[in-house]
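Let's take a walk through a protein model together.

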Amino acid sequence: MFQSSYKIQSIIQLNPTTYSLVLDCAELANESWCGRFVNIRCGEKTLRRPISISEIDKANGTITLVFEVRGEGTEWLAARHAGDELDVLGPLGNGFFPDADKRAVFIGGGIGCPPMLGAAQEYGAKAEAILGFRSAKQMILLDKFKDCCQSVAVTTNDGSFGVKGFVTDVLKDKLSENSDCVVYACGPMPMLKGVADMCAQYGVQCYVSLEQRMGCGIGACLVCACKTQEADGTHMRHVCKNGPVFDAKEVDFDG
Ligand SMILES: Cc1cc2nc3c(=O)[nH]c(=O)nc-3n(C[C@H](O)[C@H](O)[C@H](O)COP(=O)(O)OP(=O)(O)OC[C@H]3O[C@@H](n4cnc5c(N)ncnc54)[C@H](O)[C@@H]3O)c2cc1C
């Protein structure tokens, strides 16, 4: 884990509220893999803001972060420019370990898509993606997913692009055709619960990345506690240290 100042190589706007930022950070890129995250100091804010590592380019020593402006921290981040330095702690968390021998379906909901992109790229051409957005205006990273995946399905809540409905509608069709696969998902909690329930119904292994509110990012506070049901009973896990990726069977989505 490193804590250092790293230079922004580029920052571009992807849609009205979402930005893609490439960070020059060779040592950090070298220790990164899909599903891990970094914790960024945003101006004078005491608590750092966690952002998933979307793409990793070890050859050029960069990582790409894709973030949505939600409040003061991400607003500050969106106002940075190429050449500015960021105080970054990372890489943090366990990340995904895609099993390349299995057919894999990567599911992203809104701003949950960026970590799925890195995972799909790492997995290779057999990856299948299902991306869900509120509407066509919020869509991000579609071309990048198309570049690395065998198939990409898009759902929008309002039907303005792709299938009208939710990612679970497409997942249901996929699993009823062929359930011999593993599913990786990141997105809002109700979506993750829906995906987890459907995978359980079809007996499919599913891993979810949780984006709980976080304090320290290194397991020292209890802000990101999450309840799990494991073979030896109930546990309170830290999303930052034990996750953010969990076996969906173990997550107590109602806890
Ligand atoms: C492991 C992890 C990875 C993440 N990866 C990404 C990413 O790749 N891209 C991205 O855009 N965001 C990501 N997030 C969420 C991001 O950290 C928050 O949106 C950000 O911290 C908000 O900070 P802010 O100061 O802009 O907003 P705040 O002023 O802190 O909050 C503004 C609004 O956002 C809500 N909010 C804040 N944090 C979260 C959260 N974690 N989940 C849901 N709602 C929240 C608040 O309730 C409030 O309504 C991730 C979070 C975690 C824990």
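**A guided tour**

Start with an open sheet of seven strands, whose order is 4-3-7-1-2-6-5 and whose pairing is antiparallel. Two strands pair if DSSP finds at least two bridges between them. Helices (H or I, at least four residues) and strands (E, at least two) are DSSP runs, numbered from the N terminus. The edges of this sheet are strand 4 (49–52) and strand 5 (55–57), each of which pairs on one side only. From one strand to the next, the twist averages 35°.

Before going further, a word on where this comes from. This is a predicted model, in which local features need pLDDT of at least 70 and side-chain atom pairs count only at pLDDT 80 or more, while totals for chains, interfaces and linings use all residues. Residues are numbered from 1 along each chain as its sequence is written, and side-chain values use heavy atoms, with hydrogens and water left out.

Now look inside that sheet. Strand 1 (residues 2–15) pairs with strand 7 (residues 85–92) in the antiparallel sense, over six bridges. Here you can find Lys7 opposite Glu85 of strand 7. Strand 1 also holds Ile11. Which residues does Ile11 touch, not counting residues up to four places away in sequence? Among them are Tyr19, Leu21, Phe67, Leu77 and His81, where contact means heavy atoms within 4.5 Å. The C-alpha atoms of Ile11 and Val66 are separated by 9.5 Å, although these residues are 55 apart along the chain.

Strand 8 (residues 104–109) and strand 12 (residues 182–186) run in the parallel sense, joined over five bridges. Gly108 has Cys186 in strand 12 as its bridge partner.

Axes are lines fitted to C-alpha atoms, for helices over the stretch in contact, and angles run from 0 to 180 degrees between N-to-C directions.

In helix 5, residues including Val167, Leu171 and Leu175 take part in the contact, and in helix 6 the residues include Met191, Val195 and Met198. By class, this contact of helix 5 with helix 6 has eight nonpolar, three polar and one charged residues. Ala, Val, Leu, Ile, Met, Phe, Trp, Tyr, Cys and Pro count as nonpolar, Asp, Glu, Lys and Arg as charged, and the others, Gly among them, as polar.

Finally, some backbone details. Most residues other than glycine have a negative phi, and most peptide bonds are trans. Leu141 has a positive phi of about 65° although it is not a glycine. A cis peptide bond joins Gly90 and Pro91, with omega about -5°, and Pro91 is in strand 7. Another cis bond runs from Gly243 to Pro244, with omega near 10°.
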